[in-house]
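Hello,

Here is the structure I said I would pass on. Please open it first, then read the notes below.

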Amino acid sequence: MNFKRTLLAAALPLTLVLANAAQALEIKFAEIHPAGYPTVVAEEQLGKTLEKASNGELTFKMFAGGVLGSEKEVIEQVQVGALQMTRVSLGIVGPVVPDVNVFNMPFVFRDQAHMRKIIDGEIGDEILDKITDSEFGLVALAWMDGGTRNLYTKKPVRKLEDLKGMKIRVQGNPLFIDTINAMGGNGIAMDTGEIFSALQTGVIDGAENNPPTLLEHNHYQSTKFYTLTEHLILPEPIVMSKITWEKLTPEQQELVKKTAKAAQAEERILWDAKSASSEAKLKAAGVEFITVDKKPFYDATASVRAKYGAPFADMIKRINAVQ
Ligand code: BDP
């Protein structure tokens, strides 16, 4: 009996090795957004392309709708290789890779078109490399477009002063808390999944995000005023675990990179369509879109750019120079 067990135990590692060599590598991809969201659709397409082009050596499974946890929890799982890929807002990368905070600064891009030019160009690649070259344990592959972020509140914000004292949810990055505070509000950090009930129960008076998130995460149910400040325009990196990356052959790595870049272009088309349809749906649901003079918001956040911008002085010049 004992002898048999020992034999079995001795045979097991070999069986595992053989099984591994023959098995395809499965890429589990986590998303906070629900099925049908532009990023999710583009990433699923990325997965299909990977499966096909790798002749099934790579397989892909999407876990959408935040089922695997908050972005922070997911990142931790990607870092240890329990998950292979995800897409995150750059906002939550900032506290861990401060070099990326240049894109997280309020009003650093003139508009969405400007941001797109930057992420498509060499500065975009440089910031991806900063993530990859850090101790973060991730390989940053491409950018998804997250549109422009605007305030949504229970009471209307028609001018800067209206924001005074309002508790506004932001992502967990001190830069964003400072940004809301500088505009006169009261920035409160919490995970995406907590916003809905925090709005319902009145723990917060509002939040800030793009139209597709306002719609798809149902935040509009308790916030009927949407003020177009465009204070943040945050691109969102697609990342792979370094542990997974190192398991890939150079050809597979090249394929993953190329396919992720293709997803960047594809998502943009989906994004524009979704933004437009979200805007229409939000308006139909009674959300008032408020156009404001952005200058007072820009001026109010000068202190934030001064506080965080110093290490990025050269890069900001280069960003500004991109037409
Ligand atoms: C959305 C981003 C998502 C963030 C969310 C947030 O796409 O990655 O988690 O904002 O603010 O726009 O939590």
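In helix α4, the residues H114, M115, R116, I118 and I119 are buried. Their cover includes α5, β4, α10 and α13. One caution before going on: this is a predicted model.

The start of α4 has a detail worth a look. There, a side-chain oxygen of D111 comes to within 3.3 Å of the backbone nitrogen of A113.

F109 sits in the loop between β3 (85–87) and α4 (112–120). Is F109 buried or exposed? F109 has a relative accessible area of 4%, and the cut-off for buried is under 20%, so F109 counts as buried. Leaving aside residues up to four places away in sequence, F109 touches F103, H114, M115, I118, I233, P235 and I319. Three of these names, H114, M115 and I118, are also among the buried residues of α4. F109 and L83 are 26 residues apart in sequence, and their C-alpha atoms are 32 Å apart in space.

F107 lies in that loop between β3 and α4 too. Its phi is positive, about 60°, although F107 is not a glycine. F107 counts as buried, at 15% relative accessibility.

**Helices α5 and α13**

Helix α5 (residues 122–133) and helix α13 (residues 313–321) meet at an angle of about 145°. Their axes are 11 Å apart. From α5, the contact involves E122, I123, E126 and I127. From α13, it involves M315, R318 and I319. The residues of this contact divide into four nonpolar, three charged and no polar.

**The five-stranded sheet**

Now the sheet. Five strands form an open sheet, in the order β2-β1-β3-β10-β4. The pairing is mixed. Which strands stand at the edges? They are β2 (58–63) and β4 (138–144). Each has a single partner strand, so one side of each is left without a neighbour in the sheet. On average, neighbouring strands of this sheet are turned by 20° against each other, direction ignored.

β3 and strand β10 (residues 236–241) run antiparallel and are joined by three bridges. M85 has M240 in β10 as its bridge partner.

Helices lie on this sheet. α5 packs on the sheet and touches β4 and β10. The direction of α5 makes about 150° with that of β4. Helix α10 (residues 250–284) lies across β2, β4 and β10. α10 runs at about 25° to β4.

**Q264 in α10**

Look next at Q264, which is in helix α10. Q264 is buried, with a relative accessible area of 6%. What does the side chain of Q264 join in a polar contact? The partner is the side chain of D120, at 2.9 Å. Not counting residues up to four places away in sequence, Q264 touches I119, D120, A142, W143 and M144.

**The ligand**

The model also holds a ligand. Around the ligand are H33, E71, R87, S89, R149, R169, Q171, T192, N209, N210, T213 and E236.

- E71: a polar side-chain atom lies 2.4 Å from an oxygen atom of the ligand.
- R87: an N or O atom in the side chain is 3.0 Å from an oxygen atom of the ligand.
- Q171: an N or O atom in the side chain is 3.3 Å from an oxygen atom of the ligand.

**Strand β9 and its partners**

Strand β9 (residues 225–232) is mostly covered, with six of its eight residues buried. Strand β5 (residues 149–153) runs antiparallel to β9, and four bridges join them. Y152 has Y226 in β9 as its bridge partner. Strand β11 (residues 288–290) runs parallel to β9, with three bridges between them. Here F225 pairs with E288 in β11.

The phi of N218 is positive, near 65°, in a residue other than glycine. N218 is partly exposed, at a relative accessible area of 30%.

Best wishes

Conventions: Residues are numbered from 1 along each chain as its sequence is written. This is a predicted model: local features need pLDDT of at least 70, side-chain atom pairs count only at pLDDT 80 or more; totals for chains, interfaces and linings use all residues. Side-chain values use heavy atoms; hydrogens and water are left out. Axes are lines fitted to C-alpha atoms, for helices over the stretch in contact, and angles run from 0 to 180 degrees between N-to-C directions. Helices (H or I, at least four residues) and strands (E, at least two) are DSSP runs, numbered from the N terminus. Contact means heavy atoms within 4.5 Å. Ala, Val, Leu, Ile, Met, Phe, Trp, Tyr, Cys and Pro count as nonpolar, Asp, Glu, Lys and Arg as charged, and the others, Gly among them, as polar. Buried means under 20% relative accessible area, exposed over 50%, partly exposed in between (1.4 Å probe, protein chains only). Two strands pair if DSSP finds at least two bridges between them. A polar contact is a pair of N or O atoms within 3.5 Å; within protein, one must be able to donate a hydrogen and the other to accept it, and residues adjacent in sequence count only if both atoms are side-chain atoms. A residue is near a molecule or strand if one of its heavy atoms lies within 4 Å of it.
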